[in-house]
Amino acid sequence: MGLTAAAIKAGLDDLAASDMKLAEEIARIGYPEPRLRDRGYKTMLRTIVGQQVSVAAATSMWTKLEAELGSEFTPSCLLARDFDTLRACGLSRQKQGYARSLCELVQTGEVNFDALPAGDEEAIAELIKVKGIGRWSAEIYLLFAEGRGDMWPAGDLAVQEGVKRLLELDERPTEKELRVIGEQWSPHRGAMAIWVWHFYANPAL
């Protein structure tokens, strides 16, 4: 499970104690709601299902997939279905390839969602073994499902735009630049990322 509301608040309060600008903005828009996901391969599978489609389309596909496989399905259940069966659930050839990669790695134990490495970079490296899962998806999983407090999804456009506005930068920082900028918020970069999404969603003064 991800960072709780209390953990987010504690992290942000610690940062705001030495950052007047951040403290002022928190006072203006408040604290964000937590973003919580269940731990396990199904959350990553749902990420794959939802890639590059609308929320409505992703929900429809997931509903059909659960109807076909059962709500408590295992990786072997998906692997046992043929192309046409999964296609009827809405999964394209590419999504099926990614889903099968995930389920195969889980089934063989090469990726173990119950015992990912304690080190963040090591955990990211394990997750991106899955076809279709890049660093951003891995970071989002580790933040929302495992609550890793120093996770910093610097490749996220909303985080980049939010930091640009917060720090009054002339241009949106690149992922590489944002990783450097984010070092000032360690070890609470996870709470900061969640707050920056909240900040980005609120209109400027």
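## Charges over rings

A charge is taken to sit over a ring when NZ of Lys or CZ of Arg is within 6 Å of the ring centre and within 35 degrees of the ring normal. By this criterion the charged end of Arg165 sits over the ring of Phe199, 5.0 Å from its centre, and the charged end of Arg93 sits over the ring of Phe83, 4.5 Å from its centre.

The model is predicted, so that local features need pLDDT of at least 70 and side-chain atom pairs count only at pLDDT 80 or more, while totals for chains, interfaces and linings use all residues. Residues are numbered from 1 along each chain as its sequence is written, and side-chain values use heavy atoms, with hydrogens and water left out.

## Aromatic pairs

Six aromatic pairs are found in a search of the whole structure, where rings of Phe, Tyr and Trp (its six-membered ring) pair if their centres lie within 6.5 Å. Ring pairs join Tyr41, Trp62 and Phe73 into a cluster.

## Pockets

A pocket here is an open set of points on a 1 Å grid over the protein atoms alone, where a 1.4 Å probe fits, with protein on both sides within 12 Å along at least five of seven lines; lining residues have an atom within 4 Å of a point. The largest pocket has a volume of about 560 Å³ and is lined by 21 residues, of which Arg37, Thr43, Arg46, Thr47 and Phe144 lie nearest its centre.

The second largest pocket, with a volume of about 190 Å³, is lined by Arg46, Gly50, Val53, Val55, Ala58, Thr59 and Trp62.

Key. Phe/Tyr/Trp six-rings, centres within 6.5 Å; stacked < 30°, edge-to-face > 60°. Points joined across faces, edges and corners; volume = space filled by probe spheres on them.
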